[in-house]
Structure formats: structure tokens, C-alpha cells
Amino acid sequence: MTQTTETPAAARTPDGPVRTPRIHRAWFVAAVTFVTIIGAAAFASLPGLLIEPLHEEFHWSRGTIGFAVSVNLALYGLTAPFAAALMDRFGIRRVVAVALTVIAAGSLLTVWMTAAWQLVLYWGVLVGLGSGSMALAFAATVTNRWFTARRGLVTGILTAAGASGQLVFLPLLSWLVEHHGWEPAAVTVALAALAVVPFVWLLLRDHPADVGLAPYGGEYAPKPAPVTGAARRAVTVLFRAARTGPFWLLAGTFAICGASTNGLVKTHFVPAAHDHGMPVTAAAGLLAVIGVFDVVGTIASGWFTDRFEARRLLAVYYALRGVSLLFLPMLLAPAVHPPMLFFIVFYGLDWVATVPPTIALCREHYGEDSAIVFGWVLASHQVGAAVIAFAGGLARDVFGSYDIVWYASGALCAAAALMALVIRRKPEPKPEPLAAV
């Protein structure tokens, strides 16, 4: 028989004390969130594999294709804060289920496109809007609601889900593109997004109070009333946060994070390696290996975030990433060799290790608004990614090489390390003076 333990007196509902299973429901919610993000991660694996096939089939320039990817990345970020506010209004389940359906529709429609503007509309706008609602603000919202203890660890695990999805889908999608064309790969993305909708609708819950529980490691609190005016709240939170220095430093560092990961490596590593004679499947396999080590690095980063100062962790992560990118142009070759494998492991450990400390700093400085603030910080991440996704393709068209983009990104990461160190700590509240006896 499953044993139960009674929560503290503060964890009570009007009907009596809350009883909590030995395995808290929050862990099941986190597991469903993990699976959902994995299923939705298929869309993130595809852009880098589309550049060469679309260039060859439609004769579109790499800059044109990069522009569609940049629209996708920008909307991915700009949608996130509004999605976080919509989750407060309509609930997590509804927002995520609709987002997955939009992703599936956008990916499926690309099969029938004949013009570049349709790529921008379907993959850029529709998949961008849907994926923005499935962005890391989703993980931040689940963590904030369901966990009081172990938040850094859970954030790391849920962030790693995106890398796990990349690991699962990238080899399959690259094989499909190589042997059957890009259309079956787009259909696979659509089916993967639809497959997780039932998990979201049937198993995910919006708030611990929905099932009469306290958050893991916390005290019971009634479910708050839906917050109306989601768009107004998202903008209000932005204006309030924009009057503080930490917001701009976090937004700036995260913009560089997006530029040096999603915008550069995820979008342009495969075509850059192919330029040096490496087969597409081999280059995609290396990206999948990055996903393996990203899981390890991100979970470890969450563990570190629970124990060490977040801003110092960010400085170390950005500095190490910048050094690795400066060496990459010298490592690209027709075959995979040990120095390239070392880069893949080293870079993979750092891929999104920046997320747990960034969310922790948002939580430290902005409290209950932290998920929406992180949504805006994530928007800067994706704007940075969008700029580099377009600039990388443009640089390849103009210079015939990606080298200048690798070097520029390495220098930007060094700047991000310095910016992270400038983020001030939030002052501790002063104790109230004792009343006179």
C-alpha cells in the first residue's frame, strides 16, 4: 500500500489536511513536461537540415532561407512572455495544446509550398508562434508553480529536454532528408508535435491546488484566480523590469547566448561542415552528440545553481563557450577527428547550461513576475539567434565562408562573461526594528 504523509498545518484546504504521496505529484508533472518538450523539440532540429535541400530544390539563396529561420527564432522569443501570461489566464494545458497544434500545422503546410514567402509564413510565422508558446517560459512556469525546493535541478532537467529531443530526432530527420528528401522530415515534425497533445491534455495539471497538494517543498496555497489582460500584464511587467539594471544585463547576455547557439551552431553548423566536405549525416550526428552532453551539462548546471552564485556561473559558462567557438574554424574537415570530438563534448556541456542560473536570477530579482520577465529575456535570446541566423547565411553568400561569424560569436561570448559579472545581487531585506517594550 502506498504510504502517505500529512503535510504541515499550513498545508490545509477548507476540507481538511492535505495528504501528500511519498512521490510528490510535482515529479509526475515535471515528467509530463519533459516528454512534451521532447516531442516538440523536433521542430528545433530541422532548420539546419533544410538549408541545403531548399537551396538546391528551389534555388533560394541561403540568406533568404536564413531569413525564414530568423523570423521563426524571433517569434519564438517574442511570443514567450505573452504565452507565460496566457498560462496565468487560461491555464498551462490549453496554451500548450494549442501551441503544439499550430506547430504541426505550420510544419505540415511547408510540404505544399512553392515560393519563399510561404516558407516565411509557414515555418517562420506559424512554427515560430507555436514554438514560442512551448519555449522555456513553459518550463519556468511549471517549475515556479509546482516546486519550492529543487527548483534549479528541475529547471536543468526540463531545459535538457530540448536537447534530448534534438538527440532523438536529429539523426532520424537527417537520414530522412538524405534518403527521402526534406518533405518526409517536415511531416515527421508535425506528427511528433501532435503525438504529445494527449499527454498534455490528460496528464498535465495547471496548479498543485487542482489536486489538493502543496508545491514540492512548500506550503499549500489556494489556486489563484485567472489573471485577465494577459497581453497588458506582459507589457506592464516588461516596462517595470526595464527600469532595472539586471534586466538589461540578463537580456544582453541571453541575446549573445541565442546568437552563439540556436542562431549559429544549430542553424549553420551542418552546412558549414558540409562546406568542408563532411557528409550531412555525419555533421547532423555531431549535433546529436552535442545534445547528449547538453543533457549532462544542463542538469549539472541546475545542481550548481542550487549551490553557487548564479552570476559567477554565467560568467564561466560564457567565457568557456567563447574560447571553444574561436577554435572551431580550425577544426572543420571532411572527416570527424579527435579535436572535433573534443569540441563537440566541450561545447555540448555548455550549450544551454546558462538557462538555470538565468532563471534563478530572474526569480531572485523579480519574484512572482519572474516567469514573464524570463519570457522577455528569452525574447532577447531569440532575437540574437535570429540576427545571427540571417547574418550567417548572408556571410556565407558574400564571403563564401562562415569563419568570420564563428570569430565574432566567440568575441561576443567574452563580452557576455563580463556583463554577467556586473549583475548586482539583490539586497537582502532589512530586519524590522524591535518594538519598544
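## Nonpolar surface patch

Phe67, Phe390, Leu394, Val398, Phe399 and Ile404 make a nonpolar surface patch of about 590 Å². The structure is a predicted model. Helix α18, residues 370-399, gives the patch its largest share, four residues. Phe67 comes from helix α4, which spans residues 62-90. With a relative accessible area of 41%, Phe67 is partly exposed, because that value falls between the limits of 20% for buried and 50% for exposed.

## Salt bridges around Asp369

Side chains of opposite charge can pair when their charged atoms come close. Across the whole structure, a search finds six salt bridges. One of them joins the side chains of Arg233 and Asp369, with an N to O distance of 3.2 Å. Arg233 sits in helix α11 (residues 230-242), while Asp369 sits in the loop between α17 (355-366) and α18, so the two partners link distant parts of the chain, 136 residues apart.

Asp369 also forms a salt bridge with Arg240, where the closest N and O atoms are 2.9 Å apart. Arg240 belongs to helix α11 and Asp369 to the loop between α17 and α18, so this pair ties together parts that are 129 residues apart in sequence. Arg240 is partly exposed, with a relative accessible area of 40%.

Arg396 counts as buried, at 16% relative accessibility, whereas Asp275 counts as partly exposed, at 34%.

Shared partners join some of the charged residues: Arg233, Arg240 and Asp369 form one network of salt bridges.

## Helix packing of α13 and α19

Two packed helices are described by the angle between their axes and the distance between the axes. For helix α13 (residues 262-275) and helix α19 (residues 403-422), the axes come within 12 Å and cross at roughly 150 degrees. That angle makes α13 roughly antiparallel to α19, because angles over 145 degrees are counted that way. The crossing in which α13 passes α19 is left-handed.

## Helix packing around α12

How are the axes of α12 and α17 placed, in distance and in angle? The axis of helix α12 (residues 245-260) and that of α17 come within 11 Å, and they cross at roughly 165 degrees. The two helices are therefore roughly antiparallel to each other. Their crossing is left-handed.

Helix α12 is also paired with helix α15 (residues 310-331): the axes come within 12 Å and cross at roughly 30 degrees. Here α12 and α15 are roughly parallel to each other, because the angle is under 35 degrees. The crossing of α12 past α15 is left-handed. Relative to α12, then, α17 runs roughly antiparallel and α15 roughly parallel.

Gly348 is found in helix α16, residues 338-350. Is Gly348 buried or exposed? Gly348 is buried, with a relative accessible area of 0%. From Gly348 to Thr298 the C-alpha to C-alpha distance is 9.3 Å, although 50 residues separate them in sequence.

Ala41 has its place in the loop between α1 (25-40) and α2 (42-45). At 5% relative accessibility, Ala41 is counted as buried. The C-alpha atom of Ala41 is separated by 8.7 Å from that of Ala192, a residue 151 positions away along the chain.

Methods. Residues are numbered from 1 along each chain as its sequence is written. This is a predicted model: local features need pLDDT of at least 70, side-chain atom pairs count only at pLDDT 80 or more; totals for chains, interfaces and linings use all residues. Side-chain values use heavy atoms; hydrogens and water are left out. Patches are made of residues with over 30% relative accessible area and no salt bridge: like charges are joined within 9 Å, nonpolar side chains (Val, Leu, Ile, Met, Phe, Trp, Tyr) within 5 Å. Accessible areas come from the Shrake-Rupley method with a 1.4 Å probe; for residues, only the protein chains shown count as cover. A salt bridge is a side-chain nitrogen of Lys or Arg within 4 Å of a carboxyl oxygen of Asp or Glu. Buried means under 20% relative accessible area, exposed over 50%, partly exposed in between (1.4 Å probe, protein chains only). Axes are lines fitted to C-alpha atoms, for helices over the stretch in contact, and angles run from 0 to 180 degrees between N-to-C directions. Angles under 35 degrees count as roughly parallel, over 145 as roughly antiparallel, 65 to 115 as roughly perpendicular and the rest as oblique. A crossing is left-handed if the near helix is turned anticlockwise from the far one by less than a right angle, and right-handed if clockwise.
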